[in-house]
Amino acid sequence: MAASIENRGQFGSKLGFILSAAGSAVGLGNIWKFPGKAYNCGGGAFLITYILMVALIGTTVMLAEFVIGRKTQKNAIGAIRELNAKYSWVGGLGILTGFIILCYYCQVGGWTIKYIIAYITESATVYADPTAYFLDMLGVNGFPLEGAIIYPLIFLGLTSFIISRGVADGIEKLSKFLMPLLFVLLIGLMIRACTLPGASEGVAYMLHFDPSTINGNTFLVALGQAFFSLSLGMGVMITYASYLSKDENLITNTGVVCVLDTSVALFAGFMIIPAVFATGIDPGMGGGFAFATLAGVFMSIPGGTIFGLLFYALLFFAAITSSISILEGTVAYLVEEKGMERKKTVVWASIIIFAIGIFYTLSQAFLPIKGIWWSMEGLQFPIFGDFMEYLTDRLLLPFGAFFTTVFVGWIWGTDNAIKEATSDGKYKFALAPAWAILVKFVAPAAILCIIIAGLFLGMSIS
Ligand code: PHE
């Protein structure tokens with residue numbers, strides 16, 4: 001991808017695009033964030049709400065982003081400027097969103113490297129007390145040099161290297177077999193987790209649908225999670241679709257990417273929640289399910305350490321394809337719109353992202369930092385890291401998505417958008433009238449309600 005920014009190349013194949021878009025979508029959001037939210041928001045009730053949000057609003061916004069990108073063949077900000085120059089400031093907001101997401105994304109990405117190494121060198125220590133191992137990485141026992149500094153730096157360094165050298169084409173090729181491998185491994189681990197003794201309660205929790213557990217917060221969390229997981233609301237999908245040729249069917253692409261991303265989230269949910277019930281490992285912070293709880297599954301299978309290693313390697317890979325897509329958006333904007341030099345921009349952006357990101361990990365369990373945050377007046381969030389996630393998932397991404405739907409529905413117009421979506425009538429779009437209503441009325445109204453409710457109702461993140 002990065003290499004083609006300069007010469008405006010196009011995706012070599014349909015699969016290349018789907019894999020790149022899915023590579024951006026499938027990441028820590030699905031495996032690290034999703035299960036915790038499903039667990040906290042009532043299991044089955046959350047699953048139904050989440051699927052509804054993806055089906056109605058996620059697909060609507062994704063098609064809107066694809067259409068803008070392919071129509072203009074430009075990066076997110078350039079694209080919006082071309083269609084209506086008055087609104088290019090929204091691009092700046094997307095850049096801010098990307099910055100904040102990357103701050104914590106690189107920290108958690110670093111944790112995946114820590115766990116790859118842990119499963120190679122000291123799996124017995126992880127198995128002995130998975131929660132203690134995880135919390136130690138977060139700094140309960142002293143400054144977390146590895147968890148907050150060394151491994152996040154390696155993760156961010158790799159992301160920046162790939163972006164600045166334009167070797168992302170290689171990543172696209174790698175995705176062709178690593179993505180399917182992740183899919184297969186997740187299904188295998190999900191089956192194992194669901195068949196652990198005691199896991200059936202967890203399965204029942206995930207399948208039990210009790211409408212009375214759905215409240216405003218369930219919708220807030222589900223929508224924010226859907227945008228984060230589908231990479232919507234900050235122009236990433238606009239940029240990716242700008243490399244697509246007119247022959248591609250945007251409508252089926254939207255369906256495929258949304259179904260793939262949601263399946264991965266569901267597999268992760270049905271892998272982790274039953275494991276929580278079976279093993280009783282609930283580390284309670286920092287999204288520890290994907291790290292501590294899973295040790296209980298790996299411990300229980302023959303060759304589990306190898307599977308653990310493979311799992312974190314694939315999670316690392318899924319995370320880096322997503323972090324590349326976020327950093328690329330930011331860098332492309334600064335280079336193409338502000339005339340900055342590419343390598344310098346990458347270095348400076350990385351330094352700032354890293355410096356702020358450290359506090360994400362430090363705020364989890366390292367008392368000197370956690371203590372400062374705690375001592376602040378009127379604190380809404382027990383952890384600074386939650387505040388970062390709140391800003392992106394509850395405010396900035398929904399706002400970006402809101403703007404995208406208003407822009408397509410009201411400013412650029414649904415007729416133009418549908419014309420582009422169907423490649424000037426080449427492809428059938430039976431649901432076009434429904435999509436027009438969704439993009440014009442339903443999605444913006446729902447997103448706006450949710451942003452406002454998020455501001456005034458509870459400020460929790462899960
Ligand atoms: N969708 C990615 C994930 O689930 C994260 C992401 C968010 C990527 C926003 C791009 C834009 O991990």
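Predicted model: local features only at pLDDT ≥ 70, side-chain atom pairs only at ≥ 80, totals over all residues.
Which residues come nearest to the ligand, of the 15 around it?

1. Ala25, Gly29, Tyr105, Phe228 and Ser231 come nearest, out of 15 residues around the ligand. By class, this shell has eight polar and seven nonpolar residues, with no charged ones.

2. Now look at the helices. H2 (14-25), H3 (28-40), H12 (216-229) and H16 (304-338) each supply at least two residues of the shell around the ligand.

3. A polar side-chain atom of tyrosine 105 lies 2.4 Å from an oxygen atom of the ligand. A polar backbone atom of phenylalanine 228 is 2.7 Å from a nitrogen atom of the ligand, and a backbone N or O atom of serine 24 lies 3.2 Å from a ligand nitrogen atom. Taken alone, the ligand exposes 320 Å², and the protein buries 100% of that.

4. Where does the ligand sit? The space it takes is the second largest cavity, which holds about 150 Å³ of space. Among the 16 residues lining this cavity, Ser24, Ile101, Phe228, Ser231 and Ile326 lie nearest its centre. H16 gives the largest share of the lining, three residues.

5. Finally, compare the other spaces. By class, the lining of the largest cavity has 14 nonpolar, 11 polar and one charged residues.

Key. Residues numbered from 1 in each chain as written. Heavy atoms only, no water. Near = heavy atom within 4 Å. Polar contact = N/O pair within 3.5 Å; in protein donor to acceptor, adjacent residues only side chain to side chain. Areas by Shrake-Rupley, 256 points an atom, 1.4 Å probe, with all protein chains shown as cover. 1 Å grid on protein atoms, 1.4 Å probe; cavity = no way out; pocket = protein on both sides within 12 Å on 5 of 7 lines; lining within 4 Å. Sits in = over half its atoms within 2 Å of the grid points. Helix = DSSP H or I, 4+ residues; strand = E, 2+ residues; numbered from the N terminus. Nonpolar A, V, L, I, M, F, W, Y, C, P; charged D, E, K, R; others polar. Points joined across faces, edges and corners; volume = space filled by probe spheres on them.
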